[in-house]
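Let's walk through this protein together, one piece at a time. Keep the sequence and the 3D view open while you read.

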Amino acid sequence: MIFFLKKKVFFFVAKWVVEHHKDLCIGCGACAAIEPKHWVMEGDKSHLIGSTKKEGNADGLHEIKEVTDLESNQEAADACPVPCIFVKKIQD
Ligand code: SF4
């Protein structure tokens, strides 16, 4: 999205947050097969590459990562059978 304001041009880059509720992951491998640039299997769970960790509410560890290109993360979330991958747009 581009805004013009007093002869200045502002570019806003779309951003999404990808969140993995790792405690719920059953390790099926679908996310890593669909989007190997962002997902890898580590033992019996998947890992969101380059993510930071934060405590979940009552349910344990969550991995989170901001991305400016959604790539196939929405497909990975849609394919997750639990589901435990959530994608939210945080900036247009
Ligand atoms: S698709 Fe969902 S359940 Fe399967 S490995 Fe990925 S995060 Fe875990």
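## A walk through the model

In β7, the residue that E55 has as its bridge partner is L61. Before we go on, a word on ground rules. This is a predicted model, where local features need pLDDT of at least 70 and side-chain atom pairs count only at pLDDT 80 or more, while totals for chains, interfaces and linings use all residues. Residues are numbered from 1 along each chain as its sequence is written.

Now for the overall layout. The protein has two helices and eight strands. Here, helices (H or I, at least four residues) and strands (E, at least two) are DSSP runs, numbered from the N terminus. Along the sequence, the pattern reads β-β-β-α-β-β-β-β-α-β.

**The four-stranded sheet**

Which order do the strands of the open sheet have? The order is β6-β7-β3-β8, four strands with antiparallel pairing. β6 (52–55) and β8 (85–91) are at the edges with a single partner strand each, so one side of each has no neighbour in the sheet. From one strand to the next, the twist averages 30°. That angle is taken between axes, which are lines fitted to C-alpha atoms (for helices over the stretch in contact), and angles run from 0 to 180 degrees between N-to-C directions.

What holds strands side by side? Strands of a sheet pair through backbone hydrogen bonds, either parallel or antiparallel. In this report, two strands pair if DSSP finds at least two bridges between them.

| Strand pair | Bridges | Example of bridge partners |
|---|---|---|
| β3 (residues 15–21) and β7 | six bridges | V17 and E66 |
| β4 (residues 39–42) and β5 | four bridges | E42 and K45 |

K54 is in strand β6 and counts as exposed, because it has 10 C-beta neighbours inside 10 Å. The cut-offs go like this: a residue is buried if 20 or more other C-beta atoms lie within 10 Å of its own, exposed if 12 or fewer, and partly exposed in between, with C-beta atoms placed from the backbone. Leaving aside neighbours within four places in sequence, K54 is in contact with H62 and I64. Being in contact here takes C-beta atoms, placed from the backbone, that lie within 7 Å. K54 and H21 are 33 residues apart along the chain, and their C-alpha atoms are separated by 9.9 Å.

Over in strand β8 you'll find K88. Is K88 buried or exposed? K88 is exposed, since 9 other C-beta atoms lie within 10 Å. Beyond its neighbours within four places in sequence, K88 is in contact with W16 and V17.

**The hairpin**

β4 and β5 make a hairpin with two residues between them, and G43 in the turn has a positive phi of about 65°. Strand β5 (residues 45–48) has two faces: S46 and L48 are on the covered one, K45 and H47 on the uncovered one.

**The core and the ligand**

Of the 92 residues of the protein, 22% count as buried. The largest nonpolar core has eleven residues, among them V18, W39, L48 and I85. Such a core is a set of buried Ala, Val, Leu, Ile, Met, Phe, Trp, Tyr and Cys residues joined through C-beta atoms within 7 Å. A30 is another member of this core, and apart from neighbours within four places in sequence, A30 is in contact with A76, A79 and C80.

There is also a ligand. Of the 14 residues around the ligand, C25, C28, C31, S46 and C80 come nearest; a residue counts as near if its C-beta atom, placed from the backbone, lies within 6 Å.

Most residues other than glycine have a negative phi, and most peptide bonds are trans. E71, in the loop between β7 and α2, has a positive phi near 50°. V82 and P83 are joined by a cis peptide bond, with omega about -5°, and P83 is in the loop between α2 and β8.

Conventions: Two residues are in contact if their C-beta atoms, placed from the backbone, lie within 7 Å.
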